[in-house]
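Subject: Handing over the structure

Hi there,

Here is the structure I promised to pass on. My notes on what turned up in it follow below.

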Amino acid sequence: MPTSSQPAQSGFIWPIRVYYEDTDAAGVVFYANYLRFFERARTEWLRELGYEQDELRAREGVMFVVRRVEIDYLAAARFNERLNVHTRLTRIGGASMAFDQELVREADGELCCRGTVKVGCIDAAGEALRPTRIPPRLLADIRRTVAE
């Protein structure tokens with residue numbers, strides 16, 4: 001489990017370590033787990049802003065879902081390596097956000113993968129899970145953080 005977070009000029013950085021359960025038989029991170037690392041970093045970014053996803057659902061009736069992902073795998077990450085997930089908000093709309101994310105090996109700075117993730121805000125209360133606007137206070141906090 002990560003022990004610290006560090007906001008960066010170019011976004012948010014979240015450190016992780018590769019566990020055995022993250023790898024395939026060759027000790028290389030299984031391709032789908034890179035998406036899990038990206039998800040954790042976006043969750044920690046929200047937490048850094050003062051928002052918990054379960055509280056957003058309970059209090060505001062909204063949750064975020066991934067709408068689209070593009071990912072490039074560039075270098076293998078391996079068991080027990082320390083990695084940093086760099087997360088940068090690139091676009092925010094009334095009901096959606098887009099992020100550029102990169103996974104960088106801490107030891108040598110090598111870029112292991114990069115991706116673009118688009119998320120949408122949906123109404124968690126209804127069964128249809130329809131798009132809805134990002135709550136105004138959260139939207140204002142995100143915009144304020146990006147402007148800093």
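Before the details, one definition: helices (H or I, at least four residues) and strands (E, at least two) are DSSP runs, numbered from the N terminus. By that numbering, Arg-114 lies in strand E6. Please keep in mind that this is a predicted model.

**Overall picture**

The protein has three helices and six strands, and along the sequence they come in the order β-β-α-α-β-β-β-β-α. Its radius of gyration is 16 Å, close to the 15 Å that the globule rule gives for 148 residues, so the protein is as compact as a globular protein of that length. Along the principal axes, the C-alpha atoms fill a box of roughly 45 × 35 × 25 Å.

Among contacts with a separation of 6 or more, 63% are between residues 24 or more positions apart. Of the 148 residues, 40% count as buried. The exposed surface comes to about 8800 Å², and carbon and sulfur atoms supply 48% of it. As for charge, there are 21 positive and 22 negative side chains, with the centres of the two sets 5 Å apart.

**The nonpolar core**

What is in the largest nonpolar core, and which residues touch the most other members? This core holds 32 residues, and those that touch the most other members are Trp-45, Phe-64, Leu-83, Met-97, Leu-103 and Leu-138. Two or more residues each come from strand E2 (11-17), helix H1 (33-48), strand E3 (62-73), strand E4 (82-92), strand E5 (96-105), strand E6 (111-123) and helix H3 (136-147). H1 gives the largest share, six residues.

Trp-45 deserves a look in your viewer. Leaving out residues up to four places away in sequence, Trp-45 touches Phe-12, Leu-89, Met-97, Phe-99 and Ile-142.

Is each of them buried or partly exposed? Cys-112 has 0% relative accessibility and therefore counts as buried, since the cut-off for buried is under 20%. Arg-114, at 38%, counts as partly exposed.

The contacts of Cys-112, not counting residues up to four places away in sequence, are Asp-72, Tyr-73, Leu-74, Ala-75, Ala-76, Ala-77, Leu-83, Leu-103 and Arg-105. One of these, Asp-72, is 40 residues from Cys-112 in sequence and 8.7 Å from it in space, C-alpha to C-alpha.

With neighbours within four places set aside, Arg-114 is in contact with Phe-38, Glu-70, Ile-71, Asp-72, Leu-74, Gln-101 and Glu-102. Arg-114 and Leu-74 are 40 residues apart in sequence, with their C-alpha atoms 7.9 Å apart.

Arg-67 is found in strand E3 and is exposed, with a relative accessible area of 69%. Beyond its neighbours within four places in sequence, Arg-67 is in contact with Lys-118 and Val-119.

Asp-100 sits in strand E5 and is partly exposed, at a relative accessible area of 27%. Not counting residues up to four places away, Asp-100 touches His-86, Thr-87, Arg-88, Thr-90, Gly-115 and Thr-116. Asp-100 and Arg-68 are 32 residues apart along the chain, and their C-alpha atoms are separated by 12 Å.

**Backbone points to check**

Most residues other than glycine have a negative phi. Which sites have a positive phi although they are not glycines? Asn-80 is one, with a phi of about 75°, and Leu-129 is another, with a phi of about 50°.

Where are they found? Asn-80 is in the loop between E3 and E4, while Leu-129 is in the loop between E6 and H3. Asn-80 is partly exposed, with a relative accessible area of 41%, and Leu-129 is also partly exposed, with 40%.

Happy browsing, and best wishes

Terms used: Residues are numbered from 1 along each chain as its sequence is written. This is a predicted model: local features need pLDDT of at least 70, side-chain atom pairs count only at pLDDT 80 or more; totals for chains, interfaces and linings use all residues. Side-chain values use heavy atoms; hydrogens and water are left out. The radius of gyration is taken over C-alpha atoms; the globule rule is 2.2 Å times the number of residues to the power 0.38. Buried means under 20% relative accessible area, exposed over 50%, partly exposed in between (1.4 Å probe, protein chains only). Contact means heavy atoms within 4.5 Å. Accessible areas come from the Shrake-Rupley method with a 1.4 Å probe; for residues, only the protein chains shown count as cover. Lys and Arg count as positive and Asp and Glu as negative; His and the chain ends are not counted. The place of a charge is taken as NZ of Lys, CZ of Arg, CG of Asp or CD of Glu. A nonpolar core is a set of buried Ala, Val, Leu, Ile, Met, Phe, Trp, Tyr and Cys residues joined through side-chain atoms within 4.5 Å.
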